Amino acid sequence: MKYKDLLTGFIRLHILHHAAEHEIYGQWMIEELARHGYKLSPGTLYPLLHGMERKGYLRSRKEHPGRTARTLYRATPLGKRGLALAKSRVLEFTGEAIRKSR
């Protein structure tokens, strides 16, 4: 993905946004991100999810709907607070960037 180093933060915020609303799983998140122009492979997404879980932003649980297990992720209270802070910073930046680009 071009500009991966710049966009990784937005991807993490997108993950947190959905995980704060409902449980998510990897393939669903890959498809959701693709709808927004982010093309991630499982080899990119799962390390992000695992890292966010290690840092306490997400928690996971295993679900066994059939022969294979699915890992579901949900935002933790820390993740929700981080998301709220990030939203306010994004709004501040967006306002500043729009004003200065005119």
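## Terms and basis

Axes are lines fitted to C-alpha atoms, for helices over the stretch in contact, and angles run from 0 to 180 degrees between N-to-C directions. Helices (H or I, at least four residues) and strands (E, at least two) are DSSP runs, numbered from the N terminus.

This is a predicted model, in which local features need pLDDT of at least 70, side-chain atom pairs count only at pLDDT 80 or more, and totals for chains, interfaces and linings use all residues. Residues are numbered from 1 along each chain as its sequence is written, and side-chain values use heavy atoms, with hydrogens and water left out.

## Helix 2 against helix 3

Helix 2 and helix 3 pack with their axes 10 Å apart, at an angle of about 115°. The pair is therefore roughly perpendicular (65 to 115 degrees; under 35 counts as roughly parallel, over 145 as roughly antiparallel, and the rest as oblique).

From helix 2, the residues G26, Q27, M29, I30 and L33 meet P42, L45, Y46 and L49 of helix 3. Contact means heavy atoms within 4.5 Å. By class, this contact has 7 nonpolar, 2 polar and no charged residues. Ala, Val, Leu, Ile, Met, Phe, Trp, Tyr, Cys and Pro count as nonpolar, Asp, Glu, Lys and Arg as charged, and the others, Gly among them, as polar.

Helix 1 covers residues 4-21. At 1.5 Å a residue its 18 residues should span 26 Å, and the end C-alpha atoms are 25 Å apart, which agrees. The expected span is 1.5 Å times one less than the number of residues. The buried residues of helix 1 are T8, I11, H14, I15, L16, H18 and A19. Buried means under 20% relative accessible area, exposed over 50%, and partly exposed in between (1.4 Å probe, protein chains only).

Helix 2 (residues 26-35) is one partner: its axis and that of helix 1 come within 11 Å and cross at roughly 120°. The two are therefore oblique to each other. Helix 1 passes helix 2 in a right-handed crossing. I11, H14, I15 and H18 in helix 1 meet W28, M29, E32 and L33 in helix 2. These contact residues divide into 5 nonpolar, 2 polar and 1 charged.

Helix 3 (residues 42-54) is another partner, with an angle of about 65° and axes 11 Å apart. This crossing is right-handed too. K4, T8, I11, R12, I15 and L16 in helix 1 meet T44, L45, L48, L49 and M52 in helix 3. The contact has 7 nonpolar, 2 polar and 2 charged residues.

## Single residues

L40 lies in the loop between helix 2 and helix 3. L40 is buried because its relative accessible area is 10%. L40 and E53 are 13 residues apart in sequence, and their C-alpha atoms are 18 Å apart in space.

T76 sits in the loop between strand 2 (70-75) and helix 4 (77-101). T76 is buried, at a relative accessible area of 10%. Beyond its neighbours within four places in sequence, T76 is in contact with G56, Y57, L58 and R59. R81 is in helix 4. R81 counts as exposed because its relative accessibility is 55%. R81 and Y57 are 24 residues apart in sequence and 9.1 Å apart in space, C-alpha to C-alpha.

How values were computed: Left-handed = near helix turned anticlockwise from the far one by under 90°.
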